[in-house]
Amino acid sequence: MARDRFKPEFDPDCGDAPLTSAKQDIVIGRWQGLRELLRTTGPAWLARGHRMRLLAQACASTSTAESWLAAEPHSGDALVLRAATETARAFNLAIAAGRGVPIDLNRVDGAVMACLQAAEAYVDDPTPWISLIAVARLYPTGVRRQELGRWWDELHARDPYSVEGHLQVLHYYSARWHGTHGVMYDFARDAAGVAPPGCALPVLVQFARVEEFRYILEGAKGQQGSLTGVSQHWNHDGAVSDVRRTWQRWITGRPDVPVEPGEVHQLNHLTHAACHAGVPDITASLFRLLGRRATRTPWSYTGDPEKQITRWHNNPKHRA
């Protein structure tokens with residue numbers, strides 16, 4: 001009966017208690033907690049990227065990052081956070097403006113310069129290069145191929161298996177931004193193909209399928225009947241094969257260690273794909289791995305996240 005009382009937990013920090021504590025400092029304008037958190041994180045790039053991204057989102061509406069930088073102008077951590085914060089602010093402006101509406105290019109240029117300054121200050125950190133590739137999307141026609149390639153080379157040299165870094169390139173190449181579905185899927189499959197066993201990069205294919213679905217949804221707004229045929233998007237033979245391939249390459253080779261907060265979003269993408277692909281053997285194992293940890297995306301694109309996760313989790317077919 002306990003299983004019937006399952007309820008997913010949508011912790012925005014994905015169970016990262018030190019991050020949650022540090023974010024509370026931002027509310028009152030204290031930056032010392034951020035400094036300590038990033039100092040103790042060190043070069044653990046998965047955890048650092050997860051924390052930096054969420055700290056930046058929290059700092060975007062405050063002056064905390066600037067206060068830290070004013071107090072310690074040569075701090076690599078402060079400069080990297082300021083760059084990530086400027087990137088988050090630029091995306092907030094783009095979201096507020098609406099799709100297809102350009103924002104002040106000075107803001108985009110400012111974020112790029114902050115990223116380049118951060119990369120120079122913290123030479124080993126891949127995070128500023130991830131921010132650079134992300135902000136490149138906000139230029140109306142993208143950036144020159146050579147420039148994007150150079151930024152990618154810098155990122156790849158520092159963290160060749162960065163899922164977040166690859167995701168930013170995937171989004172850039174998507175049809176919603178500066179590419180096509182074909183280019184996006186080719187990039188995802190190429191990255192998955194060279195990933196070592198236990199590496200999470202194969203899940204890029206599931207992210208690509210969500211990205212394609214978002215494109216379809218956006219194109220269908222206000223058009224009656226335009227979603228005809230989309231029911232097979234998640235469970236056609238290719239989609240099912242992709243789920244099994246990702247499971248085999250990533251999960252079966254993954255070390256038997258607790259799930260890190262930075263993995264929770266990735267695991268939710270594979271779990272969502274497995275549920276909709278109809279592969280209960282894989283879904284049951286993924287739910288065991290995740291426990292109650294859930295992220296609202298990608299579930300929110302196919303319905304109410306809590307209702308969907310609870311329904312799939314409680315389905316007897318998805319229990320092993």
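Q: Why is Glu36 called partly exposed?
A: Glu36 has a relative accessibility of 38%. Buried means under 20% relative accessible area, exposed over 50%, and partly exposed in between (1.4 Å probe, protein chains only). The value of 38% lies in between, so Glu36 counts as partly exposed.

Q: What kind of model do these values come from?
A: The model is predicted, with local features requiring pLDDT of at least 70 and side-chain atom pairs pLDDT 80 or more, while totals for chains, interfaces and linings use all residues. Residues are numbered from 1 along each chain as its sequence is written, and side-chain values use heavy atoms, leaving out hydrogens and water.

Q: What makes Arg39 exposed?
A: Its relative accessibility is 55%, which is over 50%, so Arg39 counts as exposed.

Q: How do you know that Arg39 and Glu36 form a salt bridge?
A: A salt bridge is a side-chain nitrogen of Lys or Arg within 4 Å of a carboxyl oxygen of Asp or Glu. The closest N and O atoms of Arg39 and Glu36 are 2.7 Å apart, so the pair meets the criterion. The structure holds 20 salt bridges.

Q: Why are Arg39 and Glu36 separated by about one helical turn?
A: They are 3 residues apart in helix α2 (residues 32-41), which means a separation of about one turn. An α-helix has 3.6 residues a turn, so residues three or four places apart point the same way.

Q: What makes Arg48 and Asp77 a salt bridge?
A: Their side chains meet at 2.9 Å, N to O, and this is within the cut-off, so the term applies. The pair links distant parts of the chain, with Arg48 in helix α3 (residues 45-59) and Asp77 in helix α5 (residues 76-97), 29 residues apart. Both residues are buried.

Q: Why are Arg254 and Glu263 called buried?
A: Arg254 has a relative accessible area of 11%, and Glu263 likewise 11%. Each value is under 20%, so both count as buried. Their side chains meet in a salt bridge of 2.9 Å, N to O. Elsewhere, salt bridges that share partners join Arg189, Arg209, Asp242 and Arg245 into one network.

Q: What covers the buried residues of α14?
A: The cover includes α12 (237-251), α13 (261-277) and α15 (305-314). The buried residues of α14 (residues 280-290) are Ile282, Thr283, Ala284, Ser285, Leu286, Phe287 and Leu290. Gly291, with a positive phi near 65°, follows α14.

Q: How do the residues lining the second largest pocket divide by type?
A: The lining has 8 nonpolar, 3 polar and 1 charged residues. Nonpolar covers Ala, Val, Leu, Ile, Met, Phe, Trp, Tyr, Cys and Pro, charged covers Asp, Glu, Lys and Arg, and the others, Gly among them, are polar. Among the lining residues are Arg145, Gly149, Trp152, His178 and Phe187. The elements giving two or more residues to this lining are α8 (145-158), α9 (163-172) and α10 (181-194). The largest share, 4 residues, comes from α8.

Technical notes
Contact means heavy atoms within 4.5 Å. On a 1 Å grid over the protein atoms alone, a cavity is a set of points where a 1.4 Å probe fits but cannot get out, and a pocket is an open set with protein on both sides within 12 Å along at least five of seven lines; lining residues have an atom within 4 Å of a point.
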